[in-house]
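This briefing is meant to be read alongside the sequence and the coordinates. Please keep both in view while going through the points that follow.

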Amino acid sequence: MRAGELGFEDVRTADWSDNIAPFWGEVWRAALSVKGLQGIVGAGWDTLKGALVVPLMQRGYDMGVIKFVIVTGKKPAA
């Protein structure tokens with residue numbers, strides 16, 4: 001479903017891939033810390049699966065097959 005179909009106006013998108021890329025290493029380092037691992041395990045299986053995908057997402061970005069996009073829009077006044 002598109003944002004316009006949901007009633008949003010002034011919908012804009014931007015590729016933020018280059019802004020996000022520097023943080024992947026930090027995300028992975030934090031996840032592999034003792035505190036990070038405790039948090040992931042404590043949060044459950046879905047969070048663990050999400051954490052395991054981080055290296056694949058970084059690899060996909062490095063290969064140019066994943067882009068990180070921001071979408072903004074406004075809901076019309078009621």
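Predicted model: local features only at pLDDT ≥ 70, side-chain atom pairs only at ≥ 80, totals over all residues.

**Helix H4 and its surroundings**

Helix H4, which covers residues 45-63, contains 19 residues and spans 28 Å between its first and last C-alpha atoms, close to the 27 Å expected at 1.5 Å a residue.

**Course of H4**

- At Val54, helix H4 bends by about 35°, and a proline, Pro55, follows within four residues of that position.
- After the end of H4 comes Gly64, a residue whose phi is positive, near 85°.

**Buried residues of H4**

- Ala51, Val54, Gly60 and Tyr61 are buried in H4, so that Val54 is both a buried residue and the site of the bend, with each of the four falling under 20% relative accessible area.

**Packing of H2 against H4**

- The axes of H2 and H4 lie 10 Å apart, and the two helices pack at an angle of about 155°.
- Because angles over 145 degrees count as roughly antiparallel, H2 and H4 are described as roughly antiparallel to each other.
- The crossing that H2 and H4 make is left-handed.

**Gln38 in helix H3**

- Gln38 belongs to helix H3, and its relative accessible area of 55% makes it exposed, because the cut-off for that class is over 50%.
- Between the C-alpha atoms of Gln38 and Glu26, which are 12 residues apart along the chain, there is a separation of 17 Å.

**Ala14 in strand E1**

- Ala14 is located in strand E1, which runs over residues 9-15, and with a relative accessibility of 33% Ala14 counts as partly exposed.
- Although Ala14 and Val71 are 57 residues apart in sequence, their C-alpha atoms are 6.8 Å apart in space.
- When residues up to four places away in sequence are not counted, Ala14 touches Phe68, Val69 and Ile70.

Terms used:
Residues numbered from 1 in each chain as written. Heavy atoms only, no water. Expected span 1.5 Å × (residues − 1). Bend = angle between axes of the 7 residues up to and from the residue. Buried < 20%, exposed > 50% of the residue type's maximum accessible area, 1.4 Å probe, protein only. Axes fitted to C-alpha atoms, helices over the stretch in contact; angles between N-to-C directions. Parallel < 35°, antiparallel > 145°, perpendicular 65-115°, else oblique. Left-handed = near helix turned anticlockwise from the far one by under 90°. Contact = heavy atoms within 4.5 Å.
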